[in-house]
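Hi everyone, thanks for making time. Let me put the structure up, and then we'll walk through a few spots together.

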Amino acid sequence: MTAALLSLGTALPEHVLEQTTARDLYLAQPGTDRLTERLVRTVFGACGVGRRHTVLRELVDEDARAGSAYVAPGGRILGPLTGARNRTYVQEAPALFAAAARDALAGCPALDPADVTDVITVSCTGFFAPGPDYQLVRDLGLNPATRRSHIGFMGCHGALVGLRQAAAVAEADPDAVVLVVAVELCTLHLQRARDPDAIRGASLFADGAAAAVVSAAAPAGVEPLLRLDRFRTLVIPDGERDMAWSIGDEGFEMVLGAAVPRVIEENIHTALDALLDGPGGAVDRAAITDWAVHPGGRSILDKLEKTLGLPPEALRESRDVLATRGNMSSVTVLHVLRQVIDEAPADEPRTVCALAFGPGLTVESALFTIPVRRAAAAPRSARAADAVVG
């Protein structure tokens, strides 16, 4: 029995950070020379982000900077220690975990929260214990015997790993109902350094949340959004140093090398072939109707579009999410997937290829089927908006 995604929920912090505001903040840092200024303007202007969300009000509101550990009055970026950043995560992340989870459960009204048998949480931007998996059981009225697991520090492909694990649980246990919740607070790790990696990260990363309900047996009256057909993983050793994530004294330090788009370009056909030729029978690439690609940045999307020979509209949802929400690490691909589902026609099945990239460099890929539905999904503007937490 194939596992299915029954619902998807999303949530965002209330503070909206315009890209021009973030750029000007970096440009105003003491000691910024002409070379750094040119780099900041180029990177912030070319990465494909227009605005994004953050839990840090002080990034968008000068009146909130008095006493801030992140930005001083006047705009100087500070360097809080990792412990201080993690304390902000402990304060801010639980509400986003809960909001996304509630949004996902609300999308499956025939399901009682007590029916959830498993909780899988995903995050790479903070840690605490008892963690968000425990809090979800406590705060959402789940069964105290709910099985819990946490996928931590895997980076931008973590949510696909979460879906893969949820599918395995659901296919092994026909009574299983798995709640997957991903939250990332990337802006907590804003770096004041002027090196290219720090500037690229500052131009891209954002905060957000998403959740999914997965089961192999949909409750009566529930139409699955997706069938989770297959998953694949490919490690690309050549990219090990180009994408990495470590814990420093002043936050989590992201290495996002300029070579990442090239490494992905050189290996994406191998990853895709492994997915399409896997157990269950070969799938013709021409059968793929939709792409849910993690938008690590505009250069990555441009490389994929060119290398795979995709028409410009194929990655529109990925570009839209990047432009309006930025790179929310593991959360992002679920926001893209939700937009793909929302905009898919109801009267024909659709084959979706999902791709996400993380440290290693690792490519996580998946094939999903959007089944024929009894009625078209409401346009995005007519649906309930993302839950906003603040």
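Let's start at S329, which is buried, with a relative accessible area of 4%. Buried here means under 20% relative accessible area, exposed means over 50%, and partly exposed is in between, with a 1.4 Å probe and protein chains only. S329 sits in the loop between helix 9 (316-325) and helix 10 (332-343). Helices (H or I, at least four residues) and strands (E, at least two) are DSSP runs, numbered from the N terminus. The backbone at S329 has a phi near 55°, a positive value in a residue other than glycine.

A quick word on ground rules. This is a predicted model, where local features need pLDDT of at least 70 and side-chain atom pairs count only at pLDDT 80 or more, while totals for chains, interfaces and linings use all residues. Residues are numbered from 1 along each chain as its sequence is written, and side-chain values use heavy atoms, with hydrogens and water left out.

Now, what does S329 have beside it? One partner is C156, which touches H294, N327, S329, S330, A356, F357 and G358, not counting residues up to four places away in sequence. Contact means heavy atoms within 4.5 Å. C156 carries the UniProt annotation "active site", from an unreviewed entry. UniProt positions are given in the numbering used here, feature names are shortened, and annotations may be inferred rather than shown by experiment. Is C156 buried or exposed? At 6% relative accessibility, C156 counts as buried. C156 lies in the loop between strand 5 and helix 5.

That loop has another residue to look at. F153 is found in the loop between strand 5 (147-152) and helix 5 (158-172), and the phi of F153 is near 65°, again a positive value in a residue other than glycine. F153 is partly exposed, with a relative accessible area of 25%.

Next stop, strand 4, where we find I120. I120 is buried, at a relative accessible area of 2%. Which residues does I120 contact, leaving aside its neighbours within four places in sequence? They are S149, I151, G162, Q165, A166, V178, L179, V180 and V181.

The bond from A129 to P130 is cis, with omega near -5°. P130 is in the loop between strand 4 (118-123) and helix 4 (132-139). A129 is in that loop as well, and at 75% relative accessibility A129 counts as exposed.

A129 also gives us a couple of distances. The C-alpha atoms of A129 and D207 are separated by 21 Å, at 78 residues apart along the chain. For R285 and A129, 156 residues apart along the chain, the C-alpha separation is 43 Å. R285 itself is in the loop between helix 7 (260-276) and strand 11 (290-293), where it is partly exposed, with a relative accessible area of 29%. Setting aside residues up to four places away in sequence, R285 touches H269, L272, L276, L308 and L310.

Over to helix 1, residues 19-27, where Q19, A22, L25, Y26 and L27 are buried. What do the buried residues of helix 1 pack against? They pack against strand 2 (15-18), helix 2 (34-46), strand 3 (51-54) and helix 6 (196-204).

Let's zoom out to finish. The chain has 10 helices and 14 strands. Its radius of gyration is 20 Å, close to the 21 Å that the globule rule gives for 390 residues, so the chain is as compact as a globular protein of that length. That radius is taken over C-alpha atoms, and the rule is 2.2 Å times the number of residues to the power 0.38. The C-alpha atoms fill a box of roughly 60 × 45 × 40 Å, taken along the principal axes. Of the 390 residues, 56% count as buried. Among contacts with a separation of 6 or more, 79% come from residues 24 or more positions apart.

One last item from the record: the unreviewed UniProt entry lists residues 3-216 for "domain: Chalcone/stilbene synthase N-terminal". Over residues 3-216 the chain is 37% helix and 22% strand, and the end C-alpha atoms are 4 Å apart.
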